[in-house]
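Here is a short report for a first look at this protein. Keep the sequence and the structure in view while reading.

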Amino acid sequence: MVDEPVAAHSQYEELARQLSAIGAVKREMGRMLPQECPPASAGVLTLLDRHGEMRMSQLAELLAIDMSVTSRHVAHAAERGWIERKPDPADKRSRLLRLTPGGTQLLEELAERYTATLARYLDDWTDTDVGHLTELLARLRTSFGDCRPRAHHDSTTRTPAG
């Protein structure tokens, strides 16, 4: 293993602290959601909007959560008419999940709320600063990929414990 410079190490420590503190930002953004739409439901709707109809197993994989938890989130959204479950023509035992017009409308309202909340909190930022943050966050996400185990990460990759 190659020793990393002390300065780089302290930068990574500070980055880790800042990323941990992002939880407060996420909680504040979650507060702007309607009470009947918890963040998990918004996540389900967003994924169905982005990827189209899918089986529950695919949704669970994209959410990176257990099928039983995914099932509860889906039931919550279906009870409110935001998604529908229909038989999968390829496998009648399976159901396909699809966003309803009501779910699409809710997502549009949520996008407006998110945008307004960000504009309110970042009103003293320049457009350039917001652009840089957006680019850097996109780059960070790309570096981490989908956060599922990847074959190209070798055994020398360090974990926080190691």
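With which residue does Glu 28 form a salt bridge? The partner is Arg 31, and the closest N and O atoms of the pair are 2.7 Å apart. A salt bridge here is a side-chain nitrogen of Lys or Arg within 4 Å of a carboxyl oxygen of Asp or Glu.

## About the model

This is a predicted model, in which local features need pLDDT of at least 70, side-chain atom pairs count only at pLDDT 80 or more, and totals for chains, interfaces and linings use all residues. Residues are numbered from 1 along each chain as its sequence is written, and side-chain values use heavy atoms, with hydrogens and water left out.

## Overall layout

The protein has six helices and three strands. Along the sequence they follow the pattern α-α-β-α-α-β-β-α-α. Helices (H or I, at least four residues) and strands (E, at least two) are DSSP runs, numbered from the N terminus.

The protein has 162 residues, and buried ones make up 23% of them. Buried means under 20% relative accessible area, exposed means over 50%, and partly exposed lies in between (1.4 Å probe, protein chains only). Now take contacts between residues at least 6 apart in sequence: 50% of them join residues at least 24 apart. Contact means heavy atoms within 4.5 Å.

## Helix α2 and its neighbours

Helix α2 covers residues 39-51, and helix α3 covers residues 56-63. Their axes come within 11 Å and cross at roughly 110°. That makes α2 roughly perpendicular to α3. Axes are lines fitted to C-alpha atoms, for helices over the stretch in contact, and angles run from 0 to 180 degrees between N-to-C directions. Angles under 35 degrees count as roughly parallel, over 145 as roughly antiparallel, 65 to 115 as roughly perpendicular and the rest as oblique. The crossing of α2 and α3 is right-handed; that is, the near helix is turned clockwise from the far one by less than a right angle. On the α2 side, Gly 43, Val 44, Leu 47 and His 51 make the contact. Five of the contact residues are nonpolar, two are polar and none is charged. Ala, Val, Leu, Ile, Met, Phe, Trp, Tyr, Cys and Pro count as nonpolar, Asp, Glu, Lys and Arg as charged, and the others, Gly among them, as polar.

Helix α5 (residues 101-121) also meets α2: the two axes come within 10 Å and cross at roughly 110°. That makes α2 roughly perpendicular to α5. From α2 come Ala 42, Leu 45, Thr 46 and Asp 49. From α5 come Gly 103, Leu 106, Leu 107 and Leu 110. This contact has five nonpolar residues, two polar and one charged.

Is Ser 41 buried or exposed? Ser 41 is buried, with a relative accessible area of 1%. Leaving out residues up to four places away in sequence, Ser 41 touches His 73, His 76 and Trp 82.

## Salt bridges

The whole structure holds eight salt bridges. Return to Glu 28 and Arg 31: both lie in helix α1 (residues 6-31), three residues apart, about one turn of the helix. Glu 28 is partly exposed at 27% relative accessibility. Arg 31 is exposed, at 58%.

Asp 88 and Arg 55 also form a salt bridge (2.7 Å, N to O). Asp 88 lies in strand β2 (residues 83-88) and Arg 55 in strand β1 (residues 54-55), so the pair ties together parts 33 residues apart in sequence. Asp 88 is buried at 7% relative accessibility, whereas Arg 55 is partly exposed at 31%. Arg 98 pairs with Glu 84, with 3.1 Å between the closest N and O atoms. Arg 98 lies in β3 and Glu 84 in β2, so this pair ties together parts 14 residues apart in sequence. Shared partners join Glu 53, Glu 84, Lys 86 and Arg 98 into one network of salt bridges.

## Arg 95 in strand β3

Arg 95 lies in strand β3 (residues 91-99). At 43% relative accessibility, Arg 95 is partly exposed. Beyond neighbours within four places in sequence, Arg 95 has contacts that include Met 54, Arg 55 and Asp 88. Arg 95 and Met 54 are 41 residues apart in sequence, yet 8.2 Å apart in space, C-alpha to C-alpha.
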